[in-house]
Amino acid sequence: RLIYSLVRLYISPPPLTGLLTCVLLLVFVSAASASRDAAAGKNNETRGDPAVVTDEDSHHQSNSTAHKKAFPVLSFNYDHVRKPFEISLWILLALLMKLGFHIIPRVSNVVPESCLLIFVGLLVGGIIKAIGEEAPILDSKLFFLYLLPPIILDAGYFLPIRAFTENLGTILMFAVVGTLWNAFFVGGMMYAVCQIKGANLGEVDLLSCLLFGSIISAVDPVAVLAVFEEIHINELLHILVFGESLLNDAVTVVLYHLFEEFSHAGTVTVVDALLGVVCFFVVSLGGILVGAIYGLLGAFTSRFTSHTRVIEPLFVFLYSYMAYLSAEVFHLSGIMSLIACGVMMRPYVEANISHKSYTTMKYFLKMWSSVSETLIFIFLGVSTVAGPHAWNWTFVIFTVILCLISRVLGVVGLTFIINKFRIVKLTKKDQFIVAYGGLRGAIAFSLGFLLTKSEMKHMFLTAIITVIFFTVFVQGMTIRPLVELLAVKKKKENKGSINEEIHTQFLDHLLTGIECICGHYGHHHWKDKLNRFNKAYVKRWLIAGERSTEPQLISFYNKMEMKQAMMMVESGIAPKLPTVVSSVSMSNIQPRGAARRRAIPSISKSREEEIRKILRSNLQKTRQRHFVSDAVLRVFPPQLRSYSRHDLLIDPFEDTLSEIRFRKQRVEMERRVSPTVVLIAGVRTEEVNNLM
C-alpha cells in the first residue's frame, strides 16, 4: 500500500507531489527514528543486565567459532545521517512550498506567503502530533544564531542608504520612542487587566507585565519584509516601517534584560533605572561599533583578493557573521551590528571584487535569506501545534486589543510631532499604513521562549502566538486591498541615469551651500564633510588600484553600463549588437526632422585645441581599463593561460560582455559628451564629431 500510494503521488501535479512526498517523508522519518530509539533502549536494558542471557545468545556464543558471519552486502544505519537528512527534508519542504506558492497565481494574489507557510507548519505539526511523535520546536538558539542572521544581512547589505539617512530621524522616533510607548502602555494596561477578580490573573505582578509588554511591543523585521515586499509599497513607507523594525532591536533587548533582572530581584531603584538608560546606549552604539570594525576589516581584506576571486564572497559572509556573533557575546544588538557591517562593507567591497563574485554574493544572500524566512514561518506553525499552551481568554483578547490601540496612538501622536520638522509631511494614509504595518513575528516568540517562570511562560507564549497570527493573517491579508482601496502610491521601478545622478549631486551641493550661507549645519553639511573625508583618506586605504581616485559619476556610469550589458546578454540580443549599435548611433547623430539651429558664438583656435586636449585625456582615462583588459585578452587568449585553482577562467560569455560594454560605452559617451561640449564651450556639432 505504501508503494502504491507513493506511485499515485508521483502521478499528481509536480508542486503537490513534492509537498506531499516531503510531508510523508518527515512523518515516516519521525516515526522510524522514535521506534528505533525505543528498540535501542530495550537492547541497552537487556545488555545492561548481565544476568539476562537468552538461549539464542548462548547458542550464538557456542557456535561463534564454528560459523563465520557473512559479509554485509547492504546495511541500514539511519542514525549516522539522521540530523543532516532531516535538515535537508525541512529545507526541501520549504523550497517546494515557495515554488508551489509562486506557481499558483490565484493563491499568491490573495494570501501572503507567510500565511501559507504558517498553515503548512500547522499541517505538518498536526500530522506529527497525530501519530504520537514529538514535533521540532523553534527554539531561541536555532532562531537567533542560524535563521535570523541571513535575513538581516540581506536587508542591511542592500539597504537603500539615501532613503534611510534622509528619514533617519523619523525612523528613530518610531523605533525608540514608539517602542518604549508600546512596551509601557501594554505592560501597564495588562497589569490593570490582571487586577480584575474574574480574570484569575492575580499572580501576575507589574514587572512580569512590563516584561511581557517589552516582548510584544517590537515590530518584527521578518514579518514586515515578508508582507511589504509583496504589496510593493512606496519607498518612504517601506523604509519607515522596515527601518523601525531593524532599529527597535536595541530597545527590545535592553527592556527585556532589564525587566527580567528586575523581576528576579523584586525591587527597582532609581540607580537601576539610570543604568538601564546607559545600557540602551551601550547596546545600540556598541553593536554599531562592532559591525563597523568588521566591515572595515572586510573591505580592507577585499583589496588583496584579485588573485583569488573564488573566495571573495566568503569574506563578506564570514566577516558579517563574525560581527553578529561578536555582538551577541557581549549582549549587544546583533541586528544593528549586522546592518552596520553590511552598510560599511558594500561600497568598498563592490569596488574591489569581480562582477562574478558580486553576482554570486547577491544571489546566494537572496537564496539564504529566502530559505531562512520560509523555515521560520513553517517552524512557527509546527511550534504552535507542539505547545504546551495555557489559554486565558481575558489575557489573550486584551493583549490583541491593547497592541492595536497602542500602535495607533503611538503612530498618530509621534507623527503629530514629526510633521512639525519634516518637509514632506506624513499624510493620514501614510499614518494608517505605518500603524497597520506593525506586524509581530518570530522574534517575540523566541524571546518568550527564553522565559524561565514556567507558570507564566506558557500563558505568555499563547498570547504572543495569538498576536502573531492576528497580525500576519488578518493584517497581512487585508493590507493589500486596503492599499488599493486608499490609492496609496506604489513603488516605481526607477532605472538610474547619468542625468538623474548629475542633478542629484547638484542639488546636494546646492543644499550644502545654502546651509553654509545660513549658518545652519544640517545633515547635508555633515554628509558633504563625510564624503570629502571618504574620498581623501578612506578610499585610498580600502579600494585597490585606480578606482580609489575614480570620480563618482564615472563609477556610477560603469555600474549602469554593466547592468545594461547584462540585461542585453540575458535577453539574447548579444549576437545582433553591431547592427543595433549602428542604428542607435545613427539615430542619435541624425535628427528626425529639420531642427532649428541655435546661434553659437565662434571661439578661437587656441580654445578649440584646449577643448580637444581635455576631451582626449578624459576619454582616455575612462576607457583605459577596458583597453588594457581587451589588449591582454588579445595577446594572451584564455586557452593559453595557465590553470589556477584560485581563479576562474574567462569564458566566452565574459568576452561577449566585454565587447558589448566597450561598444555601448563608446556610443553612449559620444552621445552624452557632444551636447555637453556644445553647451559649455560653444563648439559646433560638426567640430565635436571631428574631435571624437
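Nine salt bridges are found in the structure, a salt bridge being a side-chain nitrogen of Lys or Arg within 4 Å of a carboxyl oxygen of Asp or Glu. The model is a predicted one, so local features need pLDDT of at least 70 and side-chain atom pairs count only at pLDDT 80 or more, while totals for chains, interfaces and linings use all residues. Residues are numbered from 1 along each chain as its sequence is written, and side-chain values use heavy atoms, with hydrogens and water left out.

Two of the pairs sit within a helix. Helices here are DSSP runs (H or I, at least four residues), numbered from the N terminus. In helix 4 (residues 82-103), Glu 86 and Arg 82 lie four residues apart, about one turn of the helix, and their side chains meet in a salt bridge at 3.4 Å, N to O. Glu 86 has a relative accessibility of 22% and counts as partly exposed, because that term covers values between buried (under 20% relative accessible area) and exposed (over 50%), with a 1.4 Å probe and protein chains only. Arg 82, at 27%, is also partly exposed.

Helix 15 (residues 334-352) holds Arg 346 and Glu 350, again four residues apart, with a salt bridge of 3.0 Å, N to O. Here Arg 346 is partly exposed at 25%, whereas Glu 350 is buried at 17%.

A further bridge joins Glu 244 to Arg 407 at 2.8 Å, N to O. Finally, a network of salt bridges links Arg 162, Glu 166, Asp 508 and Lys 527.
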